[in-house]
Structure formats: C-alpha cells, structure tokens
Amino acid sequence: NQSAFNEDMGLTSNIRPHESCMPSQTACIKATTGADEQGNGKTPVEVNDEVAKFVEFYTRNLAVPHRRNADDKLVLAGKKRFYDMGCQSCHTPRYQLPKTDDDHLEQHGQVIYPYTDLLLHDMGDDLADRTIAGKLPAKDTQVEFLANSYEWRTPALWGIGLAQNVDPQATFLHDGRARTLMEAVLWHGGEAENQRQKVLKLDKQGRAELNAFLKSL
C-alpha cells in the first residue's frame with residue numbers, strides 16, 4: 001500500500017519517506033510536498049502510520065463480487081469446458097489461505113476462488129510488448145524485474161463478469177485490446193496456445209457456454 005501511495009500518488013510514508021523522483025528530475029525533487037511533522041521524527045511524511053494502517057485494513061478486507069448464476073445449466077456446461085480444455089492449469093480456481101496465530105489477519109484459513117496461479121507465463125508473440133520500433137525483444141531481456149516482454153502474470157478472473165456492468169466501455173487484457181471475453185481468450189498464445197486451439201474448435205453453443213461461465217465469475 002505504501003509503495004502504491006509513493007509510486008502512484010506521490011505520497012511519502014515512513015516506509016517510503018522519499019519522493020519517487022529520478023535523479024535527473026530536478027523539478028520533481030524540488031517540488032513542494034504536503035509532508036509535515038507526523039513522520040518518525042527523522043523525515044516528515046504525508047501518510048502517517050495510523051493512516052497507513054487504516055488503508056491496509058480497508059484494502060485487505062475488500063470483498064470480491066458474489067458469483068451469479070453459478071448453478072445455471074449453461075454456466076455449468078461452460079465450467080466443464082473450462083476444465084476439459086485445461087484452462088484451470090493457469091487460472092487455478094481454489095486456494096485456502098494459510099492459518100496463522102496472528103489474530104489481526106482476518107482472512108487466515110479462508111478459502112478463496114480467484115482463478116489464478118499468480119505465476120508468470122509466456123503468452124506468445126501476439127501479446128508480447130514490443131520496442132518503440134515495433135520489434136520483439138530477445139527472450140533473455142528482462143524488462144520488469146525478472147519478467148521478459150513475453151511473460152504475464154495470470155490475472156485473477158473473479159469479478160471479471162461484472163467489468164462491463166461497472167463500465168460499459170470496459171475492455172480486457174493488460175492493454176485493453178480485447179473488446180469481449182472471447183476475444184481475450186483468443187489472444188492467448190505461447191504456453192496457452194493449446195487451449196486457444198481448443199477454443200477455436202468450439203461450435204457456437206460451446207462458445208456460448210464458455211462465455212456464460214466466465215461472465216458468472
């Protein structure tokens with residue numbers, strides 16, 4: 001949370017007490033901030049520990065949307081196709097959070113259904129980030145920590161069926177290129193090429209079933 005405060009909103013805290021400015025950004029470094037004397041006594045910050053704890057508690061306890069139509073025949077048929085095609089190998093449905101002795105962790109031992117393995121996967125050339133010149137970088141080129149241009153972390157699918165309810169113009173995938181869930185599926189390549197080929201072989205009814213299942217999440 002405090003990294004997000006710093007990187008996304010430009011707010012400092014005791015964990016991230018300095019502005020997120022590059023050495024060459026002199027105007028950024030010299031800019032006036034909202035920091036006051038509520039820090040740890042060494043460096044004034046904008047987000048004190050009390051505010052940080054409230055935000056952490058809030059974000060930690062946000063609930064995902066309740067599933068809709070989970071027992072619908074079309075949804076259940078789509079769920080079977082999802083599993084039969086092996087989509088769950090990356091979009092892993094179920095986890096049980098570890099049990100701890102920390103009474104402050106309200107979710108310990110809770111079973112969740114995020115539909116992700118939280119791992120990086122090579123998604124093929126079509127989804128890879130290209131250079132400004134439009135070329136594909138070498139696969140041994142790390143562009144974000146240990147990830148290369150071809151690798152993406154499996155996104156959680158819970159709540160995805162309500163994306164266009166919240167915003168009718170919402171699109172899908174990391175860069176919003178897919179207008180529909182089915183388009184997003186068909187952009188899959190690389191490690192998911194086998195699953196994409198299976199989706200391409202579905203008839204109209206099969207696609208309707210798969211789409212109904214995804215929209216129920």
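D84 is exposed, and K80 is exposed as well, where exposed stands for over 50% relative accessible area, buried for under 20%, and partly exposed for what lies in between, with a 1.4 Å probe and protein chains only. A salt bridge here is a side-chain nitrogen of Lys or Arg within 4 Å of a carboxyl oxygen of Asp or Glu.

Before I continue, a word on the source. This is a predicted model, in which local features need pLDDT of at least 70, side-chain atom pairs count only at pLDDT 80 or more, and totals for chains, interfaces and linings use all residues. Residues are numbered from 1 along each chain as its sequence is written, and side-chain values use heavy atoms, with hydrogens and water left out.

As to confidence, pLDDT is the predictor's confidence in each residue, from 0 to 100. The chain averages 90, and 95% of the residues score at least 70. Within the chain, the mean is lowest in strand β4 (residues 142-144), at 81, and highest in α4, at 98. Helices are DSSP runs of H or I with at least four residues, strands are runs of E with at least two, and both are numbered from the N terminus.

Let me return to the charged pairs. Side chains of opposite charge can pair when their charged atoms come close. The count comes to 8 salt bridges. D84 and K80 both lie in helix α4 (residues 73-84), 4 residues apart, which is about one turn of the helix. A second pair joins R81 to E209, with the closest N and O atoms 2.4 Å apart. Because R81 lies in helix α4 and E209 in helix α8 (residues 204-216), this pair ties together parts that are 128 residues apart in sequence. R81 is partly exposed, with a relative accessible area of 27%, whereas E209, at 10%, counts as buried.

R177 also forms a salt bridge, with D175, at 2.8 Å between the closest N and O atoms. R177 is partly exposed at 27% relative accessibility, and D175 is partly exposed at 42%. The criterion is NZ of Lys or CZ of Arg within 6 Å of the ring centre and within 35 degrees of the ring normal. K139 lies over the face of Y150, at 4.7 Å from the ring centre.

I turn now to the aromatic residues. The structure holds 4 aromatic pairs; rings of Phe, Tyr and Trp (its six-membered ring) pair if their centres lie within 6.5 Å, and planes under 30 degrees apart count as stacked, over 60 as edge-to-face and the rest as tilted. The rings of F82 and Y115 have centres 6.0 Å apart and planes at 75°, so this pair is edge-to-face. F82 is in helix α4 and Y115 in the loop between β2 (111-112) and β3 (120-122), 33 residues apart, so the pair links distant parts of the chain. Y115 and F213 are likewise edge-to-face, because their planes stand at 70°, with the centres 6.1 Å apart. F213 lies in helix α8, so its pairing with Y115 ties together parts 98 residues apart in sequence. Both Y115 and F213 are buried, and F82 is buried too. Ring pairs link F82, Y83, Y115 and F213 into a cluster.
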